[in-house]
Amino acid sequence: MAASHEARLLAQLEQARALGFLGPGPVEDHLRHARDLLAICDRTGAPDGAWLDLGSGGGLPGLVCAVDRPDQELTLLDASERRCQFLRDACVALDRADVIVLHGRAEDCANAPEWSRHFSLVVARSFGRPAVPAECAVGFLRLDGMLVASARVDDFAARWPSEGLAGLGFGPARRETEGVTTAVVVTHRALIGGFPRRNGVPTKRPLW
């Protein structure tokens with residue numbers, strides 16, 4: 001990657017932190033975390049097609065993907081218009097004005113005809129307890145699509161239960177570690193409607 005692109009990416013992430021969109025700690029640590037997550041996507045064979053950053057927030061890993069994968073069709077989703085405006089401006093600054101920044105609730109967007117079953121890969125960083133990104137992601141994913149979500153090392157099997165995932169049309173979760181721990185799950189059968197449920201329900205009444 002050109003040094004100028006790296007400097008611009010760091011500048012945008014610093015701006016995200018100044019706006020309160022990133023957590024504490026050096027921006028370089030957040031950047032490394034995002035690149036570790038993308039490395040897992042590569043290693044586990046993320047399928048070709050459109051990718052979605054679910055709850056992009058301050059742009060991790062979405063903005064990193066925009067820079068490191070310049071030819072990747074990419075959508076960044078966030079429920080906050082303020083964060084979305086930051087993401088739009090950041091994408092222009094990073095020469096990726098083609099990246100779609102989608103403002104809306106995941107539950108609504110996943111059930112919209114133009115986005116339902118549209119994506120081959122959904123990445124989710126800190127999007128709540130495992131049942132929440134799983135339920136929201138499945139509405140976006142095509143058959144044989146992949147969810148890569150940040151995960152805790154402890155109690156992995158209990159937090160990503162095969163039975164619960166199967167109820168959403170996913171196969172069993174695989175734990176992958178590359179500096180960061182993730183759960184990798186693949187849709188293995190079509191799901192007949194109903195998920196995700198209406199706004200707020202996945203968080204208030206998680207499936208497991």
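1. Ser 126 sits in the loop between strand 4 and helix 6. The model is a predicted one, and in it the phi of Ser 126 is near 55 degrees, a positive value in a residue other than glycine. With a relative accessible area of 62%, Ser 126 is exposed.

2. Asp 144 is part of strand 5. Its phi is near 70 degrees, again positive in a residue that is not glycine. Asp 95, which follows helix 4, also has a positive phi, near 65 degrees.

3. There are cis peptide bonds to note. The bond from Leu 60 to Pro 61 is cis, with omega near 5 degrees; Pro 61 belongs to the loop between strand 1 (51-54) and helix 3. A cis bond also joins Phe 195 and Pro 196, where omega is about -5 degrees. Pro 196 is placed in the loop between strand 7 (181-186) and helix 9 (201-204).

4. Glu 107 lies in helix 5 (residues 106-111). Is Glu 107 buried or exposed? Its relative accessibility is 5%, so Glu 107 counts as buried. The side chain of Glu 107 makes a polar contact with the side chain of Arg 105, at 3.1 Å.

5. Glu 107 and Arg 198 are 91 residues apart in sequence, yet their C-alpha atoms are 6.0 Å apart in space. Not counting residues up to four places away in sequence, Glu 107 touches Cys 136, Pro 196, Arg 197, Arg 198, Asn 199, Gly 200 and Pro 202. One of these, Pro 196, is the proline of the cis bond with Phe 195. Another, Cys 136, is among the buried residues of helix 6.

6. Helix 6 (residues 131-140) is mostly covered, with 10 of its 10 residues buried. The buried residues of helix 6 include Pro 133, Glu 135, Gly 139 and Phe 140. Phe 140 is also found in a ring cluster, where ring pairs link it with Trp 115 and Phe 119. Over the whole structure, the search finds 4 aromatic pairs.

7. The largest nonpolar core has 36 residues, and those with the most contacts inside it are Leu 9, Leu 63, Leu 76, Leu 121 and Val 148. At least two residues of this core come from each of helix 1 (3-18), helix 2 (27-43), helix 3 (62-68), strand 2, helix 4, strand 4 (119-124) and strand 5 (141-150). Helix 2 gives the most, with 7 residues. Another core, of 30 residues, lies apart from it; Leu 52, Leu 54, Ala 106 and Phe 140 are among its members.

8. Which residues does Leu 63 contact, leaving aside its neighbours within four places in sequence? They are Leu 9, Gly 58, Leu 76, Phe 86, Leu 87, Ala 90, Cys 91 and Leu 94. Of these, Leu 9 and Leu 76 are named, like Leu 63 itself, among the residues with the most contacts inside the largest core. Phe 86, Leu 87, Ala 90 and Cys 91 are buried residues of helix 4.

9. Helix 4 has 13 residues and reaches 18 Å from its first C-alpha to its last, close to the 18 Å expected at 1.5 Å a residue. Cys 84, Phe 86, Leu 87, Ala 90 and Cys 91 are buried in this helix. Seen down the axis of helix 4, the buried residues fall within an arc of 160 degrees, so they line one face of the helix. An α-helix has 3.6 residues a turn, so residues three or four places apart point the same way. On the other side of helix 4, Arg 82 and Val 92 are exposed.

10. Ser 80 is in the loop between strand 2 (74-78) and helix 4 (81-93). Its relative accessibility is 17%, and because buried means under 20%, Ser 80 counts as buried. At the start of helix 4, a side-chain oxygen of Ser 80 comes to within 3.3 Å of the backbone nitrogen of Arg 82. The side chain of Ser 80 also reaches the backbone nitrogen of Arg 83, at 3.2 Å.

Technical notes:
Residues are numbered from 1 along each chain as its sequence is written. This is a predicted model: local features need pLDDT of at least 70, side-chain atom pairs count only at pLDDT 80 or more; totals for chains, interfaces and linings use all residues. Side-chain values use heavy atoms; hydrogens and water are left out. Rings of Phe, Tyr and Trp (its six-membered ring) pair if their centres lie within 6.5 Å; planes under 30 degrees apart count as stacked, over 60 as edge-to-face and the rest as tilted. Helices (H or I, at least four residues) and strands (E, at least two) are DSSP runs, numbered from the N terminus. Buried means under 20% relative accessible area, exposed over 50%, partly exposed in between (1.4 Å probe, protein chains only). A polar contact is a pair of N or O atoms within 3.5 Å; within protein, one must be able to donate a hydrogen and the other to accept it, and residues adjacent in sequence count only if both atoms are side-chain atoms. A nonpolar core is a set of buried Ala, Val, Leu, Ile, Met, Phe, Trp, Tyr and Cys residues joined through side-chain atoms within 4.5 Å. Contact means heavy atoms within 4.5 Å. The expected span of a helix is 1.5 Å times one less than its number of residues. The arc is that of the directions from the helix axis to the C-beta atoms.
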